[in-house]
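Trainee: Could you walk me through reading a fold from its coordinates? I would like to go one feature at a time.

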Amino acid sequence: MEPAAPPQLESDSLTAESAADSFATVNRSRFAAIPSLPEAHRTIPVASGAHWLRKILAFAGPGYLVAVGYMDPGNWATDLGGGSKFGYTLLSVILLSNLMAMFLQALSAKLGIATGRDLAQACREHYSRRTSLILWVICELAIAACDLAEVLGSAVALKLLFGLPLLAGVLITGLDVLLVLALQGRGFRLVEAFVVTLIGTIAACFAYEIFFAHPLWREATIGFLPRAEILRNREMLYIAIGILGATVMPHNLYLHSSIVQTRAFGTSARERREAMRYAIFDSTVALGFALFINAAILVLGAAAFHTRGLNNVAEIADAYKLLSPVLGASLASTLFAFALLASGQNSTLTGTLAGQIVMEGFLHLRLKPWLRRLITRGIAIIPAALVIGLAGENKVTSLLILSQVILSFQLPFAVIPLIQFTSDHSKMGVFANSRP
């Protein structure tokens, strides 16, 4: 049975504000108006006359699902490598990448709320079929690269915690599709609660690690200032590009523009403007947590390894082995691996949601959720299994960093359409971006 079309957005008057609805209706003759993530669309109520604190709580959640992509296992590989090799220098790249992410995710939320379309649907309705298909393929490659990092990260964590061979861990991660299905079947709020719990777990683990690592806080503060050395040093630049790719995830822009529509906010221009304000606040706060965790990983690499002359600790497994003896804290290694597992599972959940949104939006193709997630997971598991089988387990972290570098080169194909659409008055009306 086809899902019902979303109600046509209403504006307060027949002024320029009504232009914000045009994007949602201009192509109805060509495309059926199926809402993004129809099983969760507008399922979370937002009381119009509620206190501002209740509204903040009502809109809290999507930002944390987005923030998960900014602290996945790919980030661990790039941040640990950067911290152990170059100390605190690359903290500036993490800061700038997170500020860029906050800005782009704010635009993504604006697009979803103002037009009732996610970014994939907007691309399909605006561009030619050929261009849309090219953008879809590029986006699927980005999701595959991201999912590859999540699969490998979870497999490494299972090996460190339970001694499982990496290949077995990679195959076991295919089963977490069942977890995603079980959670989403019980409501989108439960998905968000699960994600926030895992983010809190990761943050607590790193707070423990940092406490025993005793960072040089003055050097760490200086590290947030950009340096020209990053551009001159080719090895440093390679890791910096990896950090950028690991931080600003292309598929997160598609994800955020969809999941903000799980809130049943009002459809008048005033209510949509208010929804944007709360949604942007939610994502900015959540990405602040991501900034803390990414910086903590790099600071841990710098404090535990670089300052002790261990400059080549790029492998996650090596970091696990060295943390407890170096820091003198018996739980350090175990918590490190547990946080890595939480990170991989968290990222898996949001990655499969993004895959569903992208396929439905670009191709107008609806598959059963379990089938879509099996396809997404298969695309990641096959290359991971091949690399481990052919190159050996010692190439895992190198593959993680490479996957994040690939992601950084795919960014423009999501960023340019996002900025184009949110700057177009015919699509956004009064919600369009100003020139600055």
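Predicted model: local features only at pLDDT ≥ 70, side-chain atom pairs only at ≥ 80, totals over all residues.

Trainee: How many helices and strands are in the protein chain?

Mentor: The protein chain has 21 helices and 2 strands, taken as DSSP runs numbered from the N terminus (helices H or I, at least four residues; strands E, at least two). Of its 436 residues, 59% are buried, meaning under 20% relative accessible area with a 1.4 Å probe, protein chains only; exposed is over 50%, and partly exposed lies in between.

Trainee: How do I describe two packed helices?

Mentor: Two packed helices are described by the angle between their axes and the distance between the axes. Here, the axes of α16 (residues 316–327) and α17 (residues 332–363) come within 7 Å and cross at roughly 145 degrees; axes are lines fitted to C-alpha atoms over the stretch in contact, and angles run from 0 to 180 degrees between N-to-C directions. Contact means heavy atoms within 4.5 Å, and the residues making it include Ile-316 and Tyr-320 of α16 and Phe-336 and Leu-340 of α17.

Trainee: Which residues have the most contacts inside the largest nonpolar core?

Mentor: A nonpolar core is a set of buried Ala, Val, Leu, Ile, Met, Phe, Trp, Tyr and Cys residues joined through side-chain atoms within 4.5 Å. The largest has 128 residues, and Leu-90, Phe-206, Leu-300, Ile-316 and Phe-336 have the most contacts inside it. Helix α15 (residues 269–304) gives the most to this core, with 19 residues. Phe-336 touches, among others, Trp-76, Leu-300 and Ile-316, leaving aside residues up to four places away in sequence.

Trainee: Why does Asn-294 count as buried?

Mentor: Asn-294 counts as buried because its relative accessibility is 0%. Asn-294 sits in helix α15, and its contacts beyond four places in sequence include Tyr-70, Asn-75 and Asp-79.

Trainee: And how is empty space found?

Mentor: Rolling a probe the size of a water molecule over the atoms shows where empty space is left. On a 1 Å grid over the protein atoms alone, a pocket is an open set of points where a 1.4 Å probe fits, with protein on both sides within 12 Å along at least five of seven lines; lining residues have an atom within 4 Å of a point. Of the 13 residues lining the largest pocket, those closest to its centre are Val-93, Leu-96, Ile-230, Leu-231 and Ala-240. The largest share of this lining, 5 residues, comes from α5.

Conventions. Residues numbered from 1 in each chain as written. Heavy atoms only, no water.
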